[in-house]
Amino acid sequence: MNPTPPVITSSADGIMIITINRPEKLNALNNEVLELLEVALDELAKNNDLRAAIITGAGEKSFVAGADIAGFLQSPPTTGYQLAKKGQTIFSKIEHHSKPIIAAVNGFALGGGCELAMSCHFRLASENARFGQPEINLGLIPGYGGTQRLPRLVGKGKAMEMMMTGEHITSEEAFRIGLVNQICKQEELIEIATLKLKLIISKPSMGLKNIISAANASDGEPSNGFETEATLFGESFASDEMKEGVTAFLEKRKPSFK
Ligand code: COA
């Protein structure tokens, strides 16, 4: 029997639901998840019966609790740049997708999870959702576009605070600062996201595609910022700070940074 795949897709009425499915690891993003996510995005692009997508997480606790920290110590220290680039490329595919993609944030959206939600065209969240960029606690920085998208969505000051303190914020705070558009009861989240997308896909598809392109074009020259992020993520990835931060997380203790 095949093990349950870490990304599950389903579709009805032209709407694809992409579920990150590693609930025992709070849906952390490992290589396989990223690759399957990309397969789902390509299917959404080429299948004319599919008009839009929802990205969510399995279970009631977590959307995505970040990149898979356990894999970090197994990767050679020099691979941080490539790791960041891989995530950035897939998340950029979401942001620039020709079909609307919204995040239904059903719990923790931390690190790469917050970055995944931010790459979607907009976000709905359940009441228990928590957002944050806690990479600093691991001796790292956001590497999947967070240093670029968070300031654009919530303003530079709030983004700096979130990235430098690593603190989590509640769904109410995320709503207040514009990170999420609507808060829903957990059990109604997918239904409300589906209704929103049904309204959206009743609009002309060329118009939707052009809104996505035009809204993304107003961001100026994102590539320079993303390149800098990947380079600096690579530097942090090779550092003793990262070794201590990640080891401390895996040993379930507080890190001790010099
Ligand atoms: N990567 C790998 N595994 C992760 C993970 C991640 N990003 N986040 C959680 N997990 C794993 C835990 O190691 C644990 O596995 P175990 O049961 O085999 O020990 C399991 O998921 C449950 O997590 P746990 O920490 O026990 O749950 P909690 O309710 O006490 O805490 C969080 C929840 C989200 C606050 C905590 O898991 C956390 O801080 N995760 C990391 C968030 C992060 O730093 N993300 C950025 C990564 S770059």
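The model is predicted, and residues are numbered from 1 along the chain.

Let us start with the ligand. It sits in the largest pocket, and 18 residues surround it. The closest of these are Lys 25, Lys 61, Ala 67, Ile 69 and Lys 252. If you sort the shell around the ligand by class, you will find ten nonpolar residues, two polar ones and six charged ones.

Now look at some individual atoms. Lys 25 places a polar side-chain atom 2.5 Å from an oxygen atom of the ligand. Ala 65 takes part through its backbone, with an N or O atom 3.0 Å from a ligand nitrogen. A backbone N or O atom of Ile 69 also lies 2.9 Å from a nitrogen atom of the ligand. On its own, the ligand has 870 Å² of accessible area, and the protein covers 70% of this.

How much space lies in the largest pocket? The volume there is about 830 Å³. Its lining is made up of 35 residues, and those nearest the centre are Ala 65, Ala 67, Ile 69, Leu 138 and Phe 249.

H10 gives the largest share, with four residues.

From here, move on to the second largest pocket, which holds about 420 Å³ of space. It is lined by 20 residues, and Cys 120, His 121, Phe 122, Ala 215 and Asn 216 are the closest to its centre. Several elements give two or more residues to this lining: strand S5 (101-105), H3, strand S7 (122-126), helix H4 (146-154) and helix H8 (205-217). The largest share, five residues, comes from H8. In terms of class, twelve of the lining residues are nonpolar, three are polar and five are charged.

Conventions: Predicted model: local features only at pLDDT ≥ 70, side-chain atom pairs only at ≥ 80, totals over all residues. Heavy atoms only, no water. Near = heavy atom within 4 Å. Polar contact = N/O pair within 3.5 Å; in protein donor to acceptor, adjacent residues only side chain to side chain. Areas by Shrake-Rupley, 256 points an atom, 1.4 Å probe, with all protein chains shown as cover. 1 Å grid on protein atoms, 1.4 Å probe; cavity = no way out; pocket = protein on both sides within 12 Å on 5 of 7 lines; lining within 4 Å. Sits in = over half its atoms within 2 Å of the grid points. Nonpolar A, V, L, I, M, F, W, Y, C, P; charged D, E, K, R; others polar. Points joined across faces, edges and corners; volume = space filled by probe spheres on them.
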